[in-house]
Amino acid sequence: FFLSITRSTLIPFQCVTSPNGSSSMLLHPGIICFESKDHALFVWLAVAGIVTQPVAVLGLATYVICSYPSQVASGKGQRFATRYRFLLHRFKPDAYYYGLVLLYRNALVALMPTVLVGIPEVQVPLMGMILIAVQNLQIHTAPWRTGLANLVDVLLTDLLLVILLSAGPLLLTDKTQSAT
């Protein structure tokens, strides 16, 4: 859910160069980026959406995870954990922070196509590095409450990496075809 909301709020910033030298929105090529009033409205709405959705969620989650140890030490841990169950309950107590890791991973995955919209040959390796880094952390800590959940997480990340690696040759094919 977080990933789809974040991706949706970033759509107005995905601009690609048009043949005439201007840039237009990737999903709405009729809207000229940073020149038209329509795009300016989309950008303002996107900024409001970014501040009220992904940034607010990441800020709250960071606060919760950073203050969790002190809440537990003060004796308020059970009440705190119940209040923020959505972030803490899926993971082992010693891996309470892993929900935040997943949120930041998803934020980076959502940002990648926006920040690097015109250069997929950089997007693919960076996306792979993000997935491998988080997978290595997951393998090392086994944060999920059950062994099966940890195994499924590893296998799904492996599947994503295989799909990502499969996209590499397609990028070269696209470059070759566009040059001719």
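Biologist: Where does Gln123 lie?
Modeller: Gln123 is in helix 7. Helices (H or I, at least four residues) and strands (E, at least two) are DSSP runs, numbered from the N terminus. This is a predicted model, in which local features need pLDDT of at least 70 and side-chain atom pairs count only at pLDDT 80 or more, while totals for chains, interfaces and linings use all residues. Residues are numbered from 1 along each chain as its sequence is written, and side-chain values use heavy atoms, with hydrogens and water left out.

Biologist: Is Gln123 buried or exposed?
Modeller: Gln123 counts as buried, at 15% relative accessibility. Buried means under 20% relative accessible area, exposed over 50%, and partly exposed in between (1.4 Å probe, protein chains only).

Biologist: And what does Gln123 touch?
Modeller: Not counting residues up to four places away in sequence, Gln123 touches Met112, Pro113, Leu116 and Val117. Contact means heavy atoms within 4.5 Å.

Biologist: Switching to the cores. Which residues have the most contacts inside the largest nonpolar core?
Modeller: Leu87, Leu88 and Leu103, in a core of 13 residues. A nonpolar core is a set of buried Ala, Val, Leu, Ile, Met, Phe, Trp, Tyr and Cys residues joined through side-chain atoms within 4.5 Å.

Biologist: Which elements give two or more residues to this core?
Modeller: Helix 3, helix 5 (85-88) and helix 6 do. Helix 3 gives the most, with five residues.

Biologist: What is Leu88 in contact with?
Modeller: Leaving aside neighbours within four places in sequence, Leu88 contacts Ile65, Tyr68, Ala81, Tyr96 and Arg145. Apart from that core lies another, of nine residues, among them Val124, Ile130, Leu131 and Leu164.

Biologist: Now aromatics. How many aromatic pairs are there?
Modeller: The count comes to eight aromatic pairs. The rule is that rings of Phe, Tyr and Trp (its six-membered ring) pair if their centres lie within 6.5 Å; planes under 30 degrees apart count as stacked, over 60 as edge-to-face and the rest as tilted. One of the pairs is Tyr96 with Tyr97, edge-to-face at 5.8 Å centre to centre and 80° between the planes. Tyr96 is partly exposed at a relative accessible area of 22%, and Tyr97 is partly exposed at 25%.

Biologist: What about Tyr98 and Trp144?
Modeller: Tyr98 and Trp144 are also an edge-to-face pair, with 6.4 Å between centres and 75° between the planes. This pair links distant parts of the chain, 46 residues apart: Tyr98 is in helix 6 (residues 98-115), and Trp144 is in the loop between helix 7 (120-141) and helix 8 (147-179). Tyr98 is buried at 1% relative accessibility, and Trp144 is buried at 15%.

Biologist: Which residues form the aromatic cluster?
Modeller: Tyr68, Phe80, Tyr84, Phe86, Tyr96 and Tyr97 form one aromatic cluster.

Biologist: On to helix 2. Which of its residues are buried?
Modeller: His39, Val43, Ala46, Gly49 and Ile50. Seen down the axis of helix 2, the buried residues fall within an arc of 130°, so they line one face of the helix. The arc is that of the directions from the helix axis to the C-beta atoms. On the other side of helix 2, Lys37, Trp44, Leu45, Val51 and Thr52 are exposed.

Biologist: What do the buried residues of helix 2 pack against?
Modeller: They pack against helix 1 (2-10), strand 1 (15-17), strand 2 (23-25) and helix 3 (54-73).

Biologist: Last one, backbone. What is phi of Phe34?
Modeller: Phi of Phe34 is near 60°, a positive value in a residue other than glycine. Most residues other than glycine have a negative phi. Phe34 sits in the loop between strand 2 and helix 2 and is exposed, with a relative accessible area of 57%. Ala142 has a positive phi too, near 45°; Ala142 is in the loop between helix 7 and helix 8 and is partly exposed at 23%.
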